[in-house]
Amino acid sequence: MPPRLSAATDRVDWVDYSKGFCIFMVVLMHSTLGVEKYAGSTGFMHYVTDFALPFRMPDFFMISGLFLARVIDRDWRTYLDRKVVHFAYFYVLWFLIQGFFKWPVLAWHEGPAAAGQAALLGLIDPPGSMWFIYLLPIFLVTAKLVRRVPPALVLAVMALLQTVHIETGWTIVDEFGFRGVFFFTGWYFAPRIFAFAAWVRANPARGIAGLLAWAVAEEALVQAGVATLPGISLVLGWAGALAVIAFAAVLARKEWLGVLRYAGEHSLVIYLAFFLPMDVTRTVLLKTHVIPDIGWMSLVVTLVTFVAPLVIYELVKGTRLRFLFERPQMFRLEAPRRPALQPAE
């Protein structure tokens with residue numbers, strides 16, 4: 001049973017389900033840890049966050065490399081426009097939007113110099129959740145530069161970097177070393193990954209059995225406190241990414257949880273805009289104590305934070321505010337063409 005493609009966008013359904021699931025886990029992590037930080041205690045959602053740690057970002061980067069073979073040989077102008085300037089536009093825009101809310105508070109508590117330092121530092125060391133869209137173009141350019149290098153050599157170097165887990169204190173340097181192997185795995189092994197998803201789709205019972213076995217092993221290693229150890233974290237990253245893909249293939253086969261597929265289609269929208277509804281919802285719930293249990297509060301914050309950016313996107317789509325999620329022609333390297341704006345996804 002082949003993957004279903006959207007007639008309008010030529011999107012692969014299980015890929016969008018995978019991205020939707022992973023962006024949900026990212027939102028869950030930030031929402032849960034934020035609530036627990038300000039509440040001063042933990043809830044049951046903390047266990048879900050810990051469980052997802054080994055695979056949450058590896059799958060995102062593996063998926064990001066899947067379609068690279070289609071575009072890697074494009075001319076540099078087109079490639080840089082689609083793979084660098086595109087993400088740079090959204091990074092700068094939403095970095096400034098975040099700063100609009102955060103820098104005045106920082107200036108009030110620590111002085112204008114601290115706010116200015118945060119603004120300048122964010123240009124080279126992305127804050128909070130923004131590091132993913134900062135790092136992804138770096139991987140994309142690196143891939144084009146090393147496309148003539150034997151894949152085995154590139155993967156060996158990236159696996160070594162992930163295993164030694166460099167810690168310089170600079171987000172991009174550290175995450176480049178820790179995440180690169182998964183991005184290049186997605187690129188080099190894309191045909192086998194697609195074949196794996198097709199097999200799970202055709203054999204859902206076996207796929208589900210494999211998922212259950214993986215989940216038990218994953219939880220055991222997480223609870224044992226060894227999931228982040230060198231070597232083990234690499235294996236769990238690969239295994240977890242494949243597990244998410246298997247889960248997505250099962251969902252896509254049955255067309256269950258369509259909201260995840262829609263979220264996957266607009267995962268960058270959620271990634272860019274979730275910080276504000278998260279902060280507002282968390283603050284309201286913590287101050288009102290409408291939901292006293294920290295775990296349930298974390299879950300509510302997660303659900304609101306996950307949905308709110310999609311609602312905002314639908315509200316601004318087709319209005320003058322669409323530049324929030326669509327890149328205008330003036331920020332493109334390619335010759336003008338219609339449509340005049342390029343969506344975030």
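Predicted model: local features only at pLDDT ≥ 70, side-chain atom pairs only at ≥ 80, totals over all residues.
**Exercise 1. Work out how helix α1 packs against helix α2, and which residues bring them together.**

Step 1. Find the two helices: α1 covers residues 13-39, and α2 covers residues 45-52.

Step 2. Look at their axes, which come within 9 Å and cross at roughly 135°.

Step 3. From α1 come M25, L28, M29, T32, L33 and E36, and from α2 come M45, H46, V48, T49 and A52. Sorted by class, this contact has 7 nonpolar, 3 polar and 1 charged residues.

**Exercise 2. Describe the packing of α1 against helix α11.**

Step 1. Locate the partner: α11 spans residues 232-254.

Step 2. Read the geometry. The axes of α1 and α11 come within 8 Å and cross at roughly 120°. The two helices are therefore oblique to each other.

Step 3. Check the handedness: α1 passes α11 in a right-handed crossing.

Step 4. Collect the contacts. D13, W14, Y17, S18, F21 and C22 of α1 meet V244, I245, F247, A248, A249, L251 and A252 of α11. The residues of this contact divide into 11 nonpolar, 1 polar and 1 charged.

**Exercise 3. Decide whether α4 and α6 are oblique or roughly antiparallel, and say what classes of residue meet there.**

Step 1. Find helix α6 at residues 131-145 and α4 at 76-110.

Step 2. Take the angle, about 165°, with the axes 8 Å apart. Angles over 145 degrees count as roughly antiparallel, so α4 is roughly antiparallel to α6.

Step 3. Note that the crossing of α4 and α6 is left-handed.

Step 4. In α4 the residues are W76, Y79, L80, K83, V84, F87, F90 and Y91, and they meet I133, Y134, L136, P137, L140, V141, K144 and L145 in α6. By class, the contact has 14 nonpolar, no polar and 2 charged residues.

**Exercise 4. Explore the second largest pocket: which residues are closest to its centre, and which elements line the pocket?**

Step 1. Start with its volume, about 600 Å³.

Step 2. Go to the centre. Of the 22 lining residues, Y38, K102, M278, D279 and R282 are the closest to it.

Step 3. Name the elements that give two or more residues to the lining: α1, α4 and α14 (275-288). The largest share, 8 residues, comes from α14.

Step 4. Sort the lining by class: 12 nonpolar, 6 polar and 4 charged.

How values were computed
Residues numbered from 1 in each chain as written. Heavy atoms only, no water. Axes fitted to C-alpha atoms, helices over the stretch in contact; angles between N-to-C directions. Helix = DSSP H or I, 4+ residues; strand = E, 2+ residues; numbered from the N terminus. Contact = heavy atoms within 4.5 Å. Nonpolar A, V, L, I, M, F, W, Y, C, P; charged D, E, K, R; others polar. 1 Å grid on protein atoms, 1.4 Å probe; cavity = no way out; pocket = protein on both sides within 12 Å on 5 of 7 lines; lining within 4 Å. Points joined across faces, edges and corners; volume = space filled by probe spheres on them. Parallel < 35°, antiparallel > 145°, perpendicular 65-115°, else oblique. Left-handed = near helix turned anticlockwise from the far one by under 90°.
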